[in-house]
Every structure is written in C-alpha cells, then in structure tokens.
Amino acid sequence: MIEKSCGTIPYTINNGTIYYLLVKAKDDGYCGFPKGHVEANEFLTDAETKAFFF
C-alpha cells in the first residue's frame, strides 16, 4: 500500500526578509514544514488544510 502525505510551506515577508513557519516534532526534535497523511478518499487540498490548522 502506498502512503501519501502532503503539506504546505507557510511564509511571510517582513521588510524584505522571508520568514518560514516550521514545526518541531515532540519525539525527535526534527523541524520541518507542516504536513500530514492523506486519508482514503480525501482531497489533497483538504489534507493540507488539516495539516496546517490542526
């Protein structure tokens, strides 16, 4: 079975400097962009929205 994940790269620009939002994993301290797994019959846009807001 192939597992899918998707996410988003949230950023803002302030005074010409780009800032990215990273999330830190509780278990190993890994930092990365918000992402999550795509459930069966779920649209990719719904999965990435869920990963960003929840």
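Analyst: Seven names make up the answer to the patch question: I9, Y11, I13, I18, Y20, L22 and F33 form a nonpolar patch on the surface, and together they have about 750 Å² of accessible area. Patch members have over 30% relative accessible area and no salt bridge, and nonpolar side chains (Val, Leu, Ile, Met, Phe, Trp, Tyr) are joined within 5 Å. A salt bridge is a side-chain nitrogen of Lys or Arg within 4 Å of a carboxyl oxygen of Asp or Glu. Accessible areas come from the Shrake-Rupley method with a 1.4 Å probe, and for residues only the protein chains shown count as cover.

The model is predicted; local features need pLDDT of at least 70, side-chain atom pairs count only at pLDDT 80 or more, and totals for chains, interfaces and linings use all residues. Residues are numbered from 1 along each chain as its sequence is written, and side-chain values use heavy atoms, without hydrogens and water.

Strands β2 (11-14) and β3 (17-20) each supply at least two residues of the patch; strands are DSSP runs (E, at least two residues), numbered from the N terminus. I13 belongs to β2 and is exposed (over 50% relative accessible area), because its value is 53%.

As for the cysteines, C6 is buried (under 20%) because its relative accessibility is 13%, whereas C31, at 42%, is partly exposed, the class in between. C6 sits in strand β1 (residues 5-7). Beyond four places in sequence, its contacts (heavy atoms within 4.5 Å) are K35, G36, V38, L44, A47, E48 and A51.

Terms used: Buried means under 20% relative accessible area, exposed over 50%, partly exposed in between (1.4 Å probe, protein chains only). Patches are made of residues with over 30% relative accessible area and no salt bridge: like charges are joined within 9 Å, nonpolar side chains (Val, Leu, Ile, Met, Phe, Trp, Tyr) within 5 Å. Helices (H or I, at least four residues) and strands (E, at least two) are DSSP runs, numbered from the N terminus.
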